[in-house]
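We will go from stop to stop, selecting a few things each time.

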Amino acid sequence: MSETQLIFQLSHPGRSATSQAPKALAEDQLSAIPAHLRRQQKPALPEVSEMQVVRHYTNLSSKNFAIDKQFYPLGSCTMKYNPRGANRAAMLPGFLNRHPLAPESHSQGFLSCMFELQNFLREVTGMKGVSLAPMAGAQGEFAGVAMIRAYHEARGDDARTEILIPEAAHGTNPATAVMCGYKVREVPVGKDGDVDLGALKQACGPQTAGLMMTNPSTCGVFERQIEAIAKTVHEAGGLLYYDGANLNAILGKVRPGDMGFDVIHMNLHKTFATPHGGGGPGAGPVGVSERLLPYLPTPMAGQRDDGSYHWVDTDTLSTSIGHLSAFMGNAGVLLRAYYYARSLGREGMIRVGEYSTLAANYLLKRLEAVGCTAAYPERRASHEFILTFAREARELGVSAMDIAKRLLDYNQHAPTTYFPLLVPECFLIEPTETESKEALDEFVDAMAAILEEARTEPDMVKEAPFTQPVRRLDDVKAARELDLTWTD
Amino acid sequence: MPYIPHTPDDVRAMLDAIGADSIEDLFDEIPAHLKAAGKLDALPEGLSEMDVTRLMNERAAQDAGVVSFIGAGAYQHHIPAAVWEIATRGEFYTAYTPYQAEASQGTLQVIYEFQTLMSRLTAMDVSNASVYDGASGLAEAVLMSLRANRKSKSRKVLVPAALNPRYTAATQAIVENQDVALETVPFCQQSGQTLVEALAHHEGEDYAALVISQPNFFGSLEEVNALTDWAHANGMLVIAVVNPTALALLTPPGEWGADGADIVVGEGQPLGVPLSSGGPYFGFMCCKQKHVRQMPGRIIGRTVDMEGKQGFTLTLQAREQHIRRSKATSNICTNQGLAMTAATIYTSLLGPEGLTNVAAHCHANTQALAAKLTALDGVERAFSAPTFHEVVLTLPKPAGEVLAALAEKDVLGGVSLAKDYNMDNAILVNATEVHSEGDLDLFAAALKEVLA
């Protein structure tokens, strides 16, 4: 595939997509703006035709892998099918043109969807209240830990300065704890993938504000001691935080609320099939147990006795941790999640956990059969699992990164690599419930072929990929000789 | 089964390969008493695409059919058809974060072009790949200023009262957890501006930064050059909060005062993103080159591949949570990729001429609207400062009452300033290029009836 020029290289002075903007106005129409506050030169934006723009960005789109094109087994990312119907519904004119500050009298349709979505999420998680406000998983985490902090502060319990985090956790967990003003203490994970309960007991104390964990964990296994963990943290006066990154594994099967969690965030762009959009937008609603209800972020949707809907905001919920965005979060993403929830219904919701787990366990067994090494062979896979290529790296000099890059040549997106950090040379693989058996089998065939190549032509594998728009990129040059904007 | 492809034969074959009798067996590591069986009864039955679409059509239609003059941080603009037709192509819509650079060159090049566009629009050196929205972007900018201002030991930042109060509230909610204090600078009751005189008593005090909003929440244009120079003379960084449409006409923050703003943030929604009840939008964030390592969020760099061919990749990742964990610049893990892609296409389609024309029509239409409304008895401009595309009007009756009566006529006549500013009779109104002469007359006629 050829190098695509930058949009700026297509620019010619005086060219414009004239039909896309209103006509120029006479300068006297702008006389109210003082000259010293006026821009002296027009911004150097590209001067291109409508067709040039359409062709340029359509061509760029073809340089992406996407769920609509390829199997995308990224662990902890839940790359499932994104229903097209959800996109169309969220882009109905009545939704798209609604101003976020439109009065409640002109917002009943939108508010009814949000109110119902809150209820659905409450039900599937077993929590007592839900706010849809956080705009991504990391902001949901922020809201959750800020609520933990608000809870302790409201009780005058201000000696709690630490958040405990298992060492396998996502990087956002420790970063979030720090953003909320806490110190982080990591808790070791045992050889079987479960938290080291003895170490946890020692780490807990009057300084413990809470524990953040994912279940199933990022080791791809269900944390079997969850009730003992909850008891330990609660007895120390801390609260238990559920990172919903892996909620897809248990949707409809187990509820975080029933496991003893006090606060959770959900990634609707994972579990509720809203698009990842090349890195966002997401949506990270939070759910809480009874004792954290007063602190939920605003605004939320409420319902009056007469059935009409209204906003719940800080004027009525003064204990709230407040607003996390200018308005109410990523509303359009929430509408897509609402569509998905209505589309699945109760039965469909239960199937998500079941079939994502079936797919992962099947894929794991098949991959083991062709010579891959499971990190936790004695354990059931959840909706994802870990392979380690430590042996290939040691004996053949072929790393997990090399295998990941070679997969691209087989038209398979690489799994998550080198995460969690505690398993060397690893892949975290999550197939999701929406991939067919044939798609899983193709991935197994590709992996078998690559393992064979690693034995016979290791140097070739180390130079992969060969079929992509670019070969391996020089990341060191990118960081040392920073080039972040185009210069004509 | 919606979205699940497996036939009974597939399921049997998969279970056989696993060596399990049933799907339920796969959950044997979960304590039985924790299982959710029977606990989801409040969820409705699933619906077909046709039925959910019908349901959501009815809901959407309930909220349609208004003429709106609400701005206050989110603005109606014409969005060319090509923008979302391309942005929702599956190749953009269903791609993940571009961690596998070789298989994500489309997304990566779009972000690099976006960074360039935003840097040029703001006249700053660099841009990131976007943050959640303008308000949370300001919170990130405040935290960044504490890291970037090496001359200051302060954990305080000066914030104008004339800043969008929703930005102040969100920033407060986010930064207070790190013991950062926002101190308010009052605005001039006559002009509706933040004056250097109001800052005089802070001279010699240690603050990490001064926030300057251009235009400010009232639509008023601030004397940004004087404010910027004052802040720099007092050892503070300048955080600019700007509207991207306005930047086509107004001095870009990189050229404010003698040295320009240090960090620039703003709401990107006006660049091709629909109102959509408040999101997804995107916050843009630019800064001077020397502060780039303190900037949060994803950043894309241009480099070469092993054959010397141009390519794009995530860079400066040592700032980010997936590498640095508790020492990262922020916990942010996404950008608003799709909205940012739409903005890149929008800005390219409009070009310098088109964006300038949009901005000019917004300004002229708002001037025309203000003239029509202030021709009514008892309706006056609240402030004397020049404005961009919003203006505060005082009414002879309480704002809440008037707005409710207008809404009954399906005219959304702006937002009330009663709650945030104790200006009980004041409304903030906005017009953009989408408003026709007829729309402006409709508003004036409706207001006349309501005030009669």
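**A strand pair to begin with.** Start in chain A and select β11(A) together with β12(A), residues 426–429. These strands run antiparallel, and two bridges join them. Now find the partners: A:Thr417 has A:Phe427 as its bridge partner in β12(A), while A:Thr416 stands opposite A:Leu428. Keep in mind as you look around that this is a predicted model.

**The rest of the sheet.** You now have an open sheet of three strands on screen, in the order β10-β12-β11.

**Two cis peptide bonds.** Most peptide bonds are trans, and most residues other than glycine have a negative phi. The next two stops show exceptions. Select A:Thr298 and A:Pro299 first: the peptide bond joining them is cis, with omega at about 0°. You will find A:Pro299 in the loop between β7 (286–288) and β8 (300–303) of chain A. Then jump to chain B and select B:Gly279 and B:Pro280, which are also joined by a cis peptide bond, with omega about 0°. B:Pro280 sits in the loop between β7 (263–267) and β8 (283–287) of chain B.

**Two positive phi angles.** Go back to chain A and pick A:Ser76, in the loop between α1 (50–61) and α2 (84–90). Its phi is near 65°, a positive value in a residue that is not glycine. A:Ser76 is buried, because 24 other C-beta atoms lie within 10 Å. Now select B:Asp179, in the loop between α7 (165–175) and β4 (181–185) of chain B. This residue is not a glycine either, yet its phi is positive, at about 55°. Is B:Asp179 buried or exposed? B:Asp179 is exposed, because it has 8 other C-beta atoms within 10 Å.

**Where the chains meet.** For the last stop, show both chains in separate colours. The contact takes 173 residues from chain A and 165 residues from chain B. Which element gives the most to the side of chain B that touches chain A? Select helix α10 (residues 337–374) of chain B: this helix gives the most, with 22 residues. If you colour that side of chain B by class, you will see 83 nonpolar, 56 polar and 26 charged residues.

Chain B averages a pLDDT of 97, and 100% of its residues score at least 70. The complex receives an ipTM of 0.98 and a pTM of 0.98.

Key: Residues are numbered from 1 along each chain as its sequence is written. Chains are lettered from A and ligands numbered from 1 in the order in which they are written. This is a predicted model: local features need pLDDT of at least 70, side-chain atom pairs count only at pLDDT 80 or more; totals for chains, interfaces and linings use all residues. Two residues are in contact if their C-beta atoms, placed from the backbone, lie within 7 Å. Helices (H or I, at least four residues) and strands (E, at least two) are DSSP runs, numbered from the N terminus. Ala, Val, Leu, Ile, Met, Phe, Trp, Tyr, Cys and Pro count as nonpolar, Asp, Glu, Lys and Arg as charged, and the others, Gly among them, as polar. Two strands pair if DSSP finds at least two bridges between them. pLDDT is the predictor's confidence in each residue, from 0 to 100. A residue is buried if 20 or more other C-beta atoms lie within 10 Å of its own, exposed if 12 or fewer, and partly exposed in between; C-beta atoms are placed from the backbone.
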